[in-house]
Amino acid sequence: MGAGWIAFPFWCARISKPGKPSLLPAGTIEYISMAETIRDTVILGSGCAGLTAAIYAARANLKPLVLEGHEPGGQLSITTLVENFPGWPEGIQGPQLIENMKLQASRFGAEFQMGHLAAADLSKHPIALRVGAETIHTRTLIIASGASARWLGLPSEQALIGHGVSSCATCDGFFFSGKEIAVIGGGDSAMEEALFLTRFSTKVTLLHRRDQFRASKIMLERAMAHPQIVFRTNTVVKEVLGVEEKEVKGVRLCDTVTGEEEILPISGFFLGIGHEPNAKMFAGQIDLDEDGYIKTTDYVFTRVPGVFACGDVQDRRYRQAITAAGTGCMAALEVEKFLQEHGH
Ligand code: NAP
């Protein structure tokens with residue numbers, strides 16, 4: 001085996017001859033030349049942004065490889081009914097929407113591979129991505145790795161995600177019409193969620209672990225002035241109740257000053273404690289802001305030529321499926337342009 005040859009010792013779909021996907025059985029070792037392995041584009045992430053980029057890149061005949069990480073499908077895959085994505089008058093289940101996009105991208109030749117990006121070297125061209133034991137080389141990279149909602153990490157909370165526990169008021173608020181709910185957090189996200197949820201819920205209890213807030217003055221004042229929002233400060237959540245019943249029945253609260261515990265009966269529990277952009281692995285290679293979001297110019301450009309970012313990993317403001325899809329489209333169009341300009 002000469003230098004520049006790579007082994008694929010596991011199941012993987014790839015192009016063995018241009019345009020002909022082949023599925024290699026487990027244990028098969030196939031050696032292919034480095035020249036063959038240089039991709040036109042790799043898309044990191046299979047949420048709304050990544051899959052839209054995949055549809056566009058595939059239709060441009062770039063045969064994109066989509067790397068699916070530890071949350072395949074992104075945040076939509078843990079949502080229920082999506083009612084604000086244009087084109088679905090009756091709404092569509094989040095996982096179904098993702099599946100549809102994936103099928104659409106596959107139809108035009110996009111390839112998918114499960115794998116965790118262990119390291120990336122953006123300083124060289126082609127860009128080198130280490131995924132497990134494999135190194136993937138690509139002329140361009142679309143980072144669509146999203147942002148993960150921060151969770152409290154309680155086992156009861158995790159067990160009830162999608163059954164009354166949610167990190168997306170815009171997605172799930174409607175299901176709590178006429179019911180009492182709680183939102184946790186003391187920043188703008190929590191205020192925004194609480195205010196939004198008053199459209200549906202009869203009473204929103206805002207729980208915050210301190211008595212000082214990170215939220216901007218205007219958002220805090222708006223939430224405090226709202227007659228349907230009740231504030232409970234110096235309060236932490238010990239447990240979400242309803243695991244047996246498979247629906248949220250309440251939360252067990254603890255007052256951090258007195259240590260007293262109390263049950264708050266609610267039907268919905270919303271997390272508003274922030275998001276973590278999945279961009280840490282690029283620190284030092286592209287610009288990140290103080291919270292770790294990728295800094296882009298002209299929507300999707302990073303400071304590295306040929307590396308574009310789209311969706312929630314670079315959008316802290318809108319964070320909607322449709323806006324993620326929009327920037328995914330832009331990133332793919334820029335990839336196409338970049339490749340053309342560089343003679344590929
Ligand atoms: P954030 O400002 O970091 O606030 C997170 C809040 O969650 C904090 O109050 C924090 O408490 C609390 N928290 C974090 N981990 C917790 C835990 N394990 N248990 C209990 N509480 C926890 O995040 P954000 O509200 O998502 O805002 C992020 C950025 O986006 C901000 O710059 C914000 O202004 C911006 N944003 C703007 C808008 C808008 O303008 N419409 C809307 C949303 C977000 P502590 O305070 O005690 O740390």
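Analyst: The buried residues of α8 pack against β5 (38-44), α2, β7, β12 (134-143) and β23 (307-309). This is a predicted model, in which local features need pLDDT of at least 70 and side-chain atom pairs count only at pLDDT 80 or more, while totals for chains, interfaces and linings use all residues. Residues are numbered from 1 along each chain as its sequence is written.

User: Which residues of α8 are the buried ones?

Analyst: A residue is buried if 20 or more other C-beta atoms lie within 10 Å of its own, exposed if 12 or fewer, and partly exposed in between, with C-beta atoms placed from the backbone. In α8 the buried residues include Ala321, Ala324, Gly328, Met330, Val335 and Glu336. Across the protein, buried residues make up 40% of the 344 residues.

User: How many helices and strands does the protein have?

Analyst: Helices (H or I, at least four residues) and strands (E, at least two) are DSSP runs, numbered from the N terminus. The protein has eight helices and 23 strands.

User: Where on α3 do the buried residues fall when it is seen down its axis?

Analyst: An α-helix has 3.6 residues a turn, so residues three or four places apart point the same way. In α3 the buried residues are Gly94, Leu97, Ile98, Met101, Lys102 and Ala105. Seen down the axis, they fall within an arc of 135° (taken from the directions from the helix axis to the C-beta atoms), so they line one face of the helix. These residues pack against α2 (48-59), β7 (81-82) and β8 (92-93), whereas the face turned away from them carries the exposed residues Leu103 and Arg107.

User: What is the order of the strands in the open sheet of five strands?

Analyst: Strands of a sheet pair through backbone hydrogen bonds, either parallel or antiparallel; two strands pair if DSSP finds at least two bridges between them. Here the order is β14-β21-β15-β16-β17, with parallel pairing. The edge strands are β14 (165-166) and β17, each of which pairs on one side only. Within the sheet, β15 (residues 180-184) and β21 (residues 268-271) pair in the parallel sense over four bridges, and isoleucine 181 stands opposite glycine 268 in β21.

User: Why does glutamine 228 count as partly exposed?

Analyst: Glutamine 228 counts as partly exposed because it has 15 C-beta neighbours inside 10 Å. Its place is in the loop between α7 (217-225) and β17 (229-232). Leaving aside neighbours within four places in sequence, glutamine 228 is in contact (C-beta atoms, placed from the backbone, within 7 Å) with Thr198, Thr202, Lys203 and Val204.

User: How many residues surround the ligand, and which are the closest?

Analyst: A residue is near a molecule if its C-beta atom, placed from the backbone, lies within 6 Å of it. The ligand is surrounded by 17 residues, the closest being Gly186, Gly187, Ser189, Ile273 and Gly274. Helix α6 (residues 188-197) supplies the largest share of this shell, four residues.

Note on methods. Contact = placed C-beta atoms within 7 Å.
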